[in-house]
Every structure is written in C-alpha cells, then in structure tokens.
Amino acid sequence: MKGKLQSLLDKEKLPRHIVIIMDGNGRWANRKGLDRISGHREGMKAVRSVVKAARELGIKSVTLYAFSAQNWKRPKEEVNALMELLRQYLIKEGDKLVKEEIRLNAIGRLRELPSDVYKVLIDTMEKTKHCKEMILTLALSYGGREEIVDAVRKILSRGDISPEDINEESFSQFLYTVDLPEPDLLIRTSGEMRLSNFLLWQLAYTEIYVTKTLWPDFRKRHLIKAILNYQNRERRFGLTSDQIKKRHIQ
Ligand code: IPE
Ligand code: IPE
Ligand code: MG
C-alpha cells in the first residue's frame with residue numbers, strides 16, 4: 001500500500017544511489033538492557049525492510065556499510081556473531097533477491113572474510129548477476145583509505161600507466177565502486193556526524209542526512225523522510241545557485 005508520506009515523493013528526482021552507514025545497533029541493545037549481538041540481530045530486520053522499501057520506491061542502487069576494516073578490532077565474539085549473521089542473511093535472502101530482481105554486489109577487502117562467508121557471498125553474487133532492477137552493494141571489511149591504497153597498488157602493478165594518464169576519471173576506474181553510480185544521498189543513523197572511513201573518494205558531492213534513529217528502528221518511513229529531505233536540497237557542485245537554476249530550465 002502506498003502511504004501518505006510516499007505520495008509526497010517526486011518520482012523524477014529520486015536519488016539514483018543511496019549509501020547508508022547503518023549505525024547504532026549496540027546502543028539500541030544497550031537501551032533495552034540486551035547484549036550488543038541482539039542489537040545486530042535486530043539490525044538485520046532493518047536491512048531486510050530497507051532493501052525491500054528501496055526496491056519498492058524504485059531506487060536503482062543501494063550500498064550498505066555493514067562491516068568496516070576497523071571493525072575487525074572489536075571483541076572476537078562480536079565479530080564472529082556479525083559474520084554469522086551475514087552468512088545467514090546471504091543464505092536466507094538469495095532466492096528473494098533473485099525474485100525481486102536485485103543484484104548483489106560487494107566492496108571491501110573481501111578476501112579477509114571467513115572462507116564460508118566469502119563463499120556464500122560469491123555464490124549469491126553469481127546467482128543474482130542477471131538481476132536488473134536494483135543493485136545492492138554490501139561494504140564488507142571496507143575502508144575508504146584502504147580502497148584508495150588498493151587502487152594505487154592496482155595502478156602500480158599494471159606497470160603500463162604513466163602519471164599523465166592519471167586523472168579523477170581514470171583513477172576512479174580502479175576503485176571498488178567502478179560499476180556504481182556516484183552516491184547521491186548518504187544516510188547515517190544514530191546521530192553520529194562522521195564518515196568513519198566510508199567511501200571517502202565517492203562522497204565528494206553527496207548530500208548527507210543524519211538521523212538520530214538507531215539502525216534497528218530504521219524502516220521504510222525513515223527512508224522516505226531522508227529522500228524527501230534530499231529532494232529539497234539544491235546540489236550546486238561548486239557552481240552558483242543561478243547557474244544551477246538556469247541548467248534546470250535548459
Ligand atoms: C553498527 O552498529 C553495526 C556495525 C558497525 C557492524 P554499532 O555496533 O556500531 O552500534 P553502536 O555504534 O555501538 O551503537
Ligand atoms: C561504521 O560504524 C561502520 C559500520 C556501520 C559498519 P562504527 O560504529 O564502526 O563507526 P565509529 O566507530 O562510530 O566511527
Ligand atoms: Mg557504531
């Protein structure tokens with residue numbers, strides 16, 4: 001059913017690519033007197049709900065920051081629980097993704113994932129590779145600085161690229177996000193005003209929306225509110241407001 005909030009959305013101005021820093025699972029659990037792992041389990045419900053909502057709204061690309069390169073330093077039990085939740089998610093959701101025409105993609109140092117998680121991730125990506133309606137990217141063992149370092153390593157190891165060949169356009173071809181559109185909207189839950197090493201290169205002109213809502217509480221209505229807020233922004237990309245308005249008229 002299409003709600004009142006959804007009917008306010010301008011279908012012509014939907015963000016093409018939404019990226020989300022899913023934060024606040026631990027605090028959600030803490031407030032309820034539960035352990036942090038229960039917060040992560042609850043966070044998976046928000047993942048399902050938001051993926052479904054984004055698909056229904058016609059968003060073409062969604063990237064979720066699920067596990068950072070720095071998150072490996074968390075207590076071992078928490079890391080293990082997160083990996084197990086990820087594995088279960090991939091096993092359970094595979095068929096649903098195919099049915100909903102959602103292609104699964106992943107960015108990050110994926111080889112650092114436990115081998116069983118890596119395997120089911122690759123299998124699910126393979127299984128959904130023909131899906132065309134939406135691309136869902138999971139950032140796993142992901143760091144923005146690591147991504148830039150990896151890009152430089154790829155360039156140097158090619159051995160046939162000279163300094164003059166490097167510019168913003170060509171450099172971005174070596175990033176993990178080579179197949180993805182530029183992020184239009186970044187959502188961070190739980191109120192933190194930082195990037196935490198997420199998509200450092202790609203977020204150059206992304207609109208940022210921070211909500212106090214903790215990730216396990218985040219649902220379709222919160223996503224719609226974020227998009228409505230985005231639709232009221234003026235993206236200037238360094239130009240003046242007048243220049244942007246003229247562009248819209250042309
Ligand atoms: C986000 O929630 C999930 C991951 C980083 C894996 P947190 O676990 O960071 O929750 P807080 O920030 O401690 O509340
Ligand atoms: C960012 O959240 C990473 C993910 C959401 C996966 P963190 O909770 O790890 O970030 P900090 O520690 O608050 O910066
Ligand atoms: Mg956090």
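1. Basis of the note. This is a predicted model, in which local features need pLDDT of at least 70 and side-chain atom pairs count only at pLDDT 80 or more, while totals for chains, interfaces and linings use all residues. Residues are numbered from 1 along each chain as its sequence is written, chains are lettered from A and ligands numbered from 1 in the order in which they are written, and side-chain values use heavy atoms, with hydrogens and water left out.

2. The largest pocket. About 620 Å³ of space lies in the largest pocket. Its lining holds 31 residues, and those closest to the centre are Met22, Tyr65, Ala66, Phe67 and Asn71. Two or more lining residues come from each of α2 (25–31), α3 (36–57), β2 (61–68), α4 (76–99) and β4 (134–142), where helices (H or I, at least four residues) and strands (E, at least two) are DSSP runs numbered from the N terminus. By class the lining has 16 nonpolar, 10 polar and five charged residues; here Ala, Val, Leu, Ile, Met, Phe, Trp, Tyr, Cys and Pro count as nonpolar, Asp, Glu, Lys and Arg as charged, and the others, Gly among them, as polar. A pocket is an open set of points, on a 1 Å grid over the protein atoms alone, where a 1.4 Å probe fits and with protein on both sides within 12 Å along at least five of seven lines, and lining residues have an atom within 4 Å of a point. Grid points are joined across faces, edges and corners, and the volume is the space filled by probe spheres set on the points.

3. The second largest pocket. This pocket has a volume of about 330 Å³. Its lining includes Glu12, Lys13, Leu14, Tyr230, Arg233 and His248, and helix α9 (residues 241–249) gives the most to that lining, with four residues. Seven charged residues stand beside four nonpolar and one polar in the lining. Glu234 and Lys245 also line this second largest pocket, and their side chains meet in a salt bridge with N to O at 3.9 Å. Because Glu234 lies in the loop between α8 and α9 and Lys245 in helix α9, the pair ties together parts that are 11 residues apart in sequence. Glu234 is partly exposed at 29% relative accessible area, and Lys245 is partly exposed at 45%; buried means under 20%, exposed over 50%, and partly exposed in between (1.4 Å probe, protein chains only).

4. A search of the whole structure finds 25 salt bridges, each being a side-chain nitrogen of Lys or Arg within 4 Å of a carboxyl oxygen of Asp or Glu. One of them joins Glu93 to Arg48, with the closest N and O atoms 2.9 Å apart; this pair links Glu93 in helix α4 with Arg48 in helix α3, 45 residues away in the chain. Glu93 is buried, at 7% relative accessibility, whereas Arg48 is partly exposed, at 25%. Another salt bridge brings together Lys220 and Glu56 at 2.7 Å, N to O, and links helix α8 (residues 220–231) with helix α3 across 164 residues. Glu56 is partly exposed, with a relative accessible area of 40%.

5. A surface patch. Leu195, Leu200 and Ile208 form a nonpolar patch on the surface, with about 220 Å² of accessible area together. Patches are made of residues with over 30% relative accessible area and no salt bridge, like charges being joined within 9 Å and nonpolar side chains (Val, Leu, Ile, Met, Phe, Trp, Tyr) within 5 Å; accessible areas come from the Shrake-Rupley method with a 1.4 Å probe, and for residues only the protein chains shown count as cover. Leu200 lies in the loop between β5 (185–188) and β6 (207–210) and is partly exposed, with a relative accessible area of 34%.

6. Backbone angles to check. Which residues other than glycine have a positive phi? Ser141, in strand β4, has a phi near 50° and is buried at 1% relative accessibility. Ser196 has a positive phi of about 50°, but is placed in the loop between β5 and β6 and is partly exposed at 31%.

7. A contact across the sequence. Ile18, in strand β1 (residues 17–21), is buried at 1% relative accessible area. Ile18 and Leu223 are 205 residues apart in sequence, while their C-alpha atoms are 9.8 Å apart in space.
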